[in-house]
Amino acid sequence: MSPISKKAWPALVDRATLALAALAGLFLLFLVGLVFVAVLLRYVAQSPILGINEIVQLVAVAIVMLALPWCTDRNGHVRADVFDRAIGRAGRFSGDLFSRCFSTFVLSVLVYRSWLKLLDAREFEDVTNMLSLPIWPFYGMMVAGMGLCVFVLVLQIAVILMTGEEMK
Amino acid sequence: SELKFANFMPPANPYQAGAFEPFAEKLAAATNNEITVHIYAGGELGPGPVEQFSRAVDGVADFAVGLPGYTASQFPVTLLTELPGVIDEETGTEVIWKNIALFKPEFKRAVLVSLWSNADNVLYTREKPVRTPDDVKGLKIRVPSRNAGLLVEAWGATPVSMPVPEIYNALQTGVIDGALIDGTGTKAFKLGEVSKYLTVGFDTTISPFFIVMNRDSFASLNDEQKAAIEEIGKEISVTANAVQLAAAHKGIDAFAEMDGKQVIRLSDEEAAAFNALADEARAKAIEEATASGIAAGDVVSALQAQ
Amino acid sequence: MTDLTLGVLAFVALFGLMIFRTPVAFAMLIVGYFGMALQGGFRTAGAVLVTETYSSVTNYSLIVVPMFVLLGNVASAAGFSRGLYDAAYAWVGRFRGGLASASVLGCAAFSAVSGSSVATAVTIGKVALPEMRRLGYADGLSTGSIAAGGTLGFLIPPSTGFVLYAILTEESIGRLFMAGILPGLLMTALFMAAVWLTVLRKPEAGRPGDPMAFSDRLRILSAALPLIAVMVLSIGGIYAGVFTPVEASAIGAGLVILIALATGALTLKTFTGAVLETVQTSAMLYMIVIGANVLNPLLAVTKLPVAFSDLLTVLGFGPYGTLFLILMCYVVLGMFLDGLAMLVITLPIFFPIVLQQGFDPIWFGVVAVIVIEMGMITPPVGLNVFVIRSVARDVPMATIFKGVAPFLLAMILCLLLIICFPQIALLLPNSMFG
Ligand code: NA
Ligand code: NA
């Protein structure tokens, strides 16, 4: 089982997904700081930050969606590899290929439906309860993150087909 | 065919046996078993109250039960019913249905089946007995909706928003000093364990509930079946309100019976001090809603006229 | 096709996809989507997909995952894990098998900042394995103690296992964390007993380390104090009711970062690495939650959980017989499946049954987590064993699996004790919340 050849893999994808993951990291640090300060404010200044849960939820979407393409690019998703030897080379090859095809399809549906939700949320001007943050950007981030994830998967399919190699 | 009914509440919640199962039974009986409803309780079709309206709109479920307060921006008119001093818990549902045409348009992404007013929200406090607006000043109080937030602000307290399941820990840890929720909180969310006082008898918000149906699912029915759903939906609104009122009153009584706990029932005089502030909050909410282009004053007058 | 057939087919498809190398999260997404499409049409399936994804990522409580993972990763990158191991070594290293005991203790201590078993095993493994090999410890004992010790990462709070359990069952994260503390300490003690028994039988397997002066021991312990203080503050803060779990995770992560920066223990490079590692792990875990939440409605509409629980009622084994069956399922599944995946796939089916049999949901969380941990060190797929193998490349897998055997027995004993005395798990959460 050789890892996918570095030459066949566009370095640009690595860099782009890494940049997004770094952004996700910054958001995470921001969130740590925010909740940290909120706790201090509650105990020291006796004044809780109102609606902080809505900020946390919004930023969480950003963190997950920005990190997802990077995680997918690095094959960071948990999988059971116990049967790898038993299913043989052909099994591994087709498994890699078809699992990505199915995943691509389902994630594409997800991107499309998220897009519809985005339009819907804009049309009806849906906002969060306390801070009145608009909802549609949440869906926008889902469209972007899952969309990039689809892009990474499609590239992986192309590489598998071109090189006939199995993924890590 | 069998229709899916999404109930995010646990199967033991009084609504399940008291309102939702009767809804399914009546519908089956009225349509000669052409429409059967399977109730998925405990959030089996998707957890939590927040996304329930979405689930019916998008078709995860054919029916969904939820609270407009969780997605307040979608239901500005319906939520006028929850303002203090607009309807009361005994007759509220009836009043809502006399004016149902006012609210239906807000549910147009789905089909409104049932809509009922809840029991009055009451105030659970962790340590401080609340009898006057001065007692409540500066306390951090969990509120179920934006309108409840206005009320709490008018009292001089600080509103805090959080999902219902987190109230217990937050009260226990002192993240909040009190919580505004209906009397079922004593049992359903064990708030009796983490609060010493329960104040009732003032004008507060009354969070409404809805049952909605997916539009395509509704459209696929024949006229007779549609009529049955409309009629039974209305009937169940009244039933559900009665179920909730009974449970809430039981919750308040249960609180009173717990060791070292006290229910503070405000006298008319004591309540008046709060109600004057509540009137301010209502006026402010109406003003805000009017500013956003809703004939809020007319709606409230229509509801109060009943 | 009946609903039940669909349910069974869904499971067949799920395992098929996983055998053919589909990541667990995607397997659940795929089966959930297509299953729902078969049952209720593509409109419903698409709706489930988008609604559950949205409600999973906007789940407020789930944010403890990235924050606690960050806490552990930063502690590891800053070398604080080394300090923990050194402190453990200073106090128990001079006994026979002392380095292995120190590894177990080090794992237990690091578990209190790390939510993951794998991270715990790797972190302590990197520090402790070279030391044990230097002193000529038997490979089985050295690798086994760390592979097993790592599983404490899930039991001692914070724990991603408990977070997932809480999210899927709508139980309180705080209560589950508290419930894990005493069983975690008990398990640590039993692991150390396992070490002791092993060297009693084979004294050559682990000779004592060099003795150390009392003052040195205090000095080394005090060097580890800042991190211990963070642990006590963040987890203790939940117990004392000072913070919610979300707040505790932010306080813990924030403090560790501040300490690491103040002591110059972090470079920009190691810090960036820790943060990137964290967001990658978080994305992976969130995807599993999304997958589980997309799969759950399908399981519900196939009425498989109901059928399964009816079957158990008909069989009439009583509560403990049923519990035994469920635990056996976990042991068998745990041989092959990743622990978290196992949890998310089985809970919708098992959890209602367990409640119905009158067991405490918090207690079952502890029991489930222990059985899942057992799966992490049983052959053929033992995640922690694989991870240790990546640190000790020349040790054959079979040696590690043999090495964990005494610890596996310790886990079974621990499990039995918790089943016989549920108070071990429930004492702290109940005293905390009255
Ligand atoms: Na841990
Ligand atoms: Na295993």
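Predicted model: local features only at pLDDT ≥ 70, side-chain atom pairs only at ≥ 80, totals over all residues.
A salt bridge, as the term is used here, is a side-chain nitrogen of Lys or Arg within 4 Å of a carboxyl oxygen of Asp or Glu. By that criterion the side chains of Asp216(B) and Arg43(C) are paired across a chain boundary, with an N to O distance of 3.0 Å.

Chain C is built with 20 helices and zero strands. Its radius of gyration is 22 Å, close to the 22 Å that the globule rule gives for 434 residues, so chain C is as compact as a globular protein of that length. Taken along the principal axes, the C-alpha trace of chain C spans about 70 × 45 × 45 Å. Of the 434 residues in the chain, 63% count as buried, and among the contacts in chain C with a separation of 6 or more, 80% come from residues 24 or more positions apart. Within this chain, Arg133(C) and Asp139(C) form a salt bridge whose closest N and O atoms are 3.3 Å apart; Arg133(C) is partly exposed at a relative accessible area of 32%, and Asp139(C) is likewise partly exposed, at 29%.

The interface with chain A brings 57 residues of chain C into contact with 61 residues of chain A. Together the two chains bury about 5100 Å², and 79% of that area lies on carbon and sulfur atoms. Three residues, Arg21(C), Tyr54(C) and Gln280(C), supply 16% of the area that chain C buries against chain A, which is more than any other three residues supply.

How many salt bridges and polar contacts cross between chain C and chain A? The count is three salt bridges, and eight residue pairs are in polar contact, with both residues of each pair at pLDDT 80 or more. The elements of chain C that give two or more residues to the side touching chain A are helix 1 (3–19), helix 2 (24–57), helix 3 (64–77), helix 12 (245–262) and helix 13 (268–302). Of these, helix 2 gives the most, with 15 residues. By class, the residues on this side of chain C divide into 45 nonpolar, eight polar and four charged. Arg21(C), already named for its part in the buried area, also meets Asp84(A) in a salt bridge, with N and O 3.0 Å apart.

The interface with chain B involves 28 residues of chain C in contact with 25 residues of chain B. The area buried between these two chains is about 2100 Å², of which carbon and sulfur atoms give 50%. The count of salt bridges between chain C and chain B is three, and six residue pairs are found in polar contact across the interface, both residues of each pair being at pLDDT 80 or more. Helix 2, helix 13 and helix 20 (423–433) of chain C each supply at least two residues of the side that touches chain B. Here too helix 2 gives the most, with eleven residues, and the residues on this side comprise twelve nonpolar, ten polar and six charged.

Side chains of opposite charge can pair when their charged atoms come close. Over all chains, a search of the whole structure finds 22 salt bridges. One of them joins Lys303(C) to Glu2(B), the closest N and O atoms being 3.0 Å apart. This pair crosses between chains, from Lys303(C) in the loop between helix 13 and helix 14 (304–315) of chain C to Glu2(B) in strand 1 (residues 2–6) of chain B. Glu2(B) is partly exposed, with a relative accessible area of 41%.

A further salt bridge lies within chain B, where the side chains of Arg265(B) and Asp253(B) meet at an N to O distance of 3.6 Å. The pair links distant parts of the chain, with Arg265(B) in strand 11 (residues 262–265) and Asp253(B) in helix 10 (residues 223–257), twelve residues apart.

Note on methods:
Residues numbered from 1 in each chain as written. Chains lettered and ligands numbered in written order. Heavy atoms only, no water. Contact = heavy atoms within 4.5 Å. Buried area = accessible area lost by both parts, 1.4 Å probe. Polar contact = N/O pair within 3.5 Å; in protein donor to acceptor, adjacent residues only side chain to side chain. Helix = DSSP H or I, 4+ residues; strand = E, 2+ residues; numbered from the N terminus. Nonpolar A, V, L, I, M, F, W, Y, C, P; charged D, E, K, R; others polar. Rg over C-alpha atoms; globule rule 2.2 N^0.38 Å. Buried < 20%, exposed > 50% of the residue type's maximum accessible area, 1.4 Å probe, protein only.
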